[in-house]
Amino acid sequence: MTNDFKVIDEQYEAGRLALRSYVTGFVLSIILTLIPYFIVAKHMLGNQSLIWAVVLFAVAQLLAQVVFFLHLSKKSKPLWNMVVFAFTIFVVSFLVIGSLWIMYNLNYNMTDTSPSKTNEGHIPQ
Amino acid sequence: MTKETLIHHNAGARNLFGFWAYIMSDALLFASIFATYAVLQNNTFGGPSAGDLFSMPFVLVETLILLASSFTYGLASLHAHHHRNEENCKRKVIFWLAITFLLGVLFLAMEVFEFTKLFQEGAGFQRSGFLSAFFTLVGTHGLHVTAGLLWMGSITAQVIRHGITERTVNKIAALGLFWHFLYIVWIFIFTFVYLIGAI
């Protein structure tokens, strides 16, 4: 197996399709920024569904950026860039979702006074 | 391709891989600050919350400016990879790098303006857990943008001096990964701090 550590697809970057890709990514990103902005500004959904909607738009824009702007090489063998990328996504979601889960449960189990308004977290009596 | 240029080429690609690994570890740094922000978001200690503080149209303009700079950087990278060793393409690369630099400076200026305004309103980082987390998250991103701009200045100087060579193209590609990554981080700041804060 050859070790080819290519991160970005240089051939693609030099080709004629690259410009189209950047323009597509740019337009798509503008749309994926404006839609969540306006549904929040006009308050088009309930609070909970608004949060889910904007998170979904953020993930969609992340994908648009990775595909149309980063131009990660698909020919890198083994797929080191993708392996590192996938591992990072895994750890990032683990870290963020895990923290939120734990802290939500902590608040939930200590709700005799309002824990959300204190600065240091709630101290049970 | 002679053997020597092949070795050079692979060395460049390998450097870029190391840089990609660095960017991914940087993503982990941002993830932990994001998690901290998410946890401290509601701990306003009687002070202002996210919804009270931020001006949404201002943040939207900031976002679009950073997005535009990410796009114009793409154009610089494209010209750098496209026709090497042509005087015309060197000029185009410098032009798009300069535009990107200006947009980056504009973004940073807006951020500094916002921070100053918050401090003047008494909403500095010492006000509450929420504001500490806010300044840490957005400030870290701002520092990254500052570092990116310094780097961009240095690369532009190198392109002016040495032209579009294997080395400069490699550096342009590395900064490209960094610059696009900073916009990707900003998407999540825009969403989690500003949009969700305004709900």
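This is a predicted model: local features need pLDDT of at least 70, side-chain atom pairs count only at pLDDT 80 or more; totals for chains, interfaces and linings use all residues.
**Entry 1. Chain A, overall**

I began with the secondary structure of chain A, which comes to four helices and zero strands. Read along the sequence, the pattern is α-α-α-α. I then looked up burial: 33% of the 125 residues of chain A count as buried. For the contacts in chain A between residues at least 6 apart in sequence, I noted that 65% join residues at least 24 apart.

**Entry 2. Helix α4 of chain A**

I checked the length of helix α4 of chain A, residues 80-108, against its residue count. At 1.5 Å a residue, its 29 residues should span 42 Å, and the end C-alpha atoms are 41 Å apart, so the two values agree. I also listed the residues of α4(A) that are buried: Asn81(A), Val84(A), Phe85(A), Thr88(A) and Val96(A).

**Entry 3. The contact between chains B and A**

I asked how many residues each chain brings to the contact. Chain B gives 52 residues and chain A gives 51 residues. The area buried between chain B and chain A is about 4600 Å², with 79% of it on carbon and sulfur atoms. Within the area that chain B buries against chain A, Trp20(B), Phe71(B) and Ile199(B) supply 14%, more than any other three residues.

I next recorded which elements of chain B give two or more residues to the side that touches chain A: α1 (3-40), α3 (56-82) and α6 (166-198). By residue class, this side of chain B divides into 34 nonpolar, 16 polar and two charged residues.

**Entry 4. Thr191(B)**

I followed one residue of helix α6 of chain B, namely Thr191(B). Is Thr191(B) buried or exposed? Its relative accessible area is 3%, under the 20% cut-off, so Thr191(B) counts as buried. Leaving aside neighbours within four places in sequence, I found Thr191(B) in contact with Val54(A), Val55(A) and Ala58(A) of chain A, and with Ile196(B) of chain B.

**Entry 5. Salt bridges in the whole structure**

Lys117(B) forms a salt bridge with Glu121(B), and the closest N and O atoms are 4.0 Å apart. I looked up the exposure of both partners. Lys117(B) is partly exposed, with a relative accessible area of 32%. Glu121(B) is also partly exposed, at 47%. As background, I note that side chains of opposite charge can pair when their charged atoms come close.

**Entry 6. Positive phi values**

I then looked up backbone angles, since most residues other than glycine have a negative phi. In chain A, phi of His43(A) is near 50°, a positive value in a residue other than glycine. Where does His43(A) lie? His43(A) is in the loop between α2 (17-41) and α3 (47-70) of chain A. With a relative accessible area of 39%, His43(A) is partly exposed.

In chain B, phi of Phe45(B) is near 55°, again a positive value in a residue other than glycine. I located Phe45(B) in the loop between α1 and α2 (50-53) of chain B. The relative accessible area of Phe45(B) is 44%; it falls between the 20% and 50% cut-offs and therefore counts as partly exposed.

Conventions: Residues are numbered from 1 along each chain as its sequence is written. Chains are lettered from A and ligands numbered from 1 in the order in which they are written. Side-chain values use heavy atoms; hydrogens and water are left out. Contact means heavy atoms within 4.5 Å. Buried area is the accessible area (1.4 Å probe) that two parts lose on being put together, summed over both. Ala, Val, Leu, Ile, Met, Phe, Trp, Tyr, Cys and Pro count as nonpolar, Asp, Glu, Lys and Arg as charged, and the others, Gly among them, as polar. The expected span of a helix is 1.5 Å times one less than its number of residues. Buried means under 20% relative accessible area, exposed over 50%, partly exposed in between (1.4 Å probe, protein chains only). A salt bridge is a side-chain nitrogen of Lys or Arg within 4 Å of a carboxyl oxygen of Asp or Glu.
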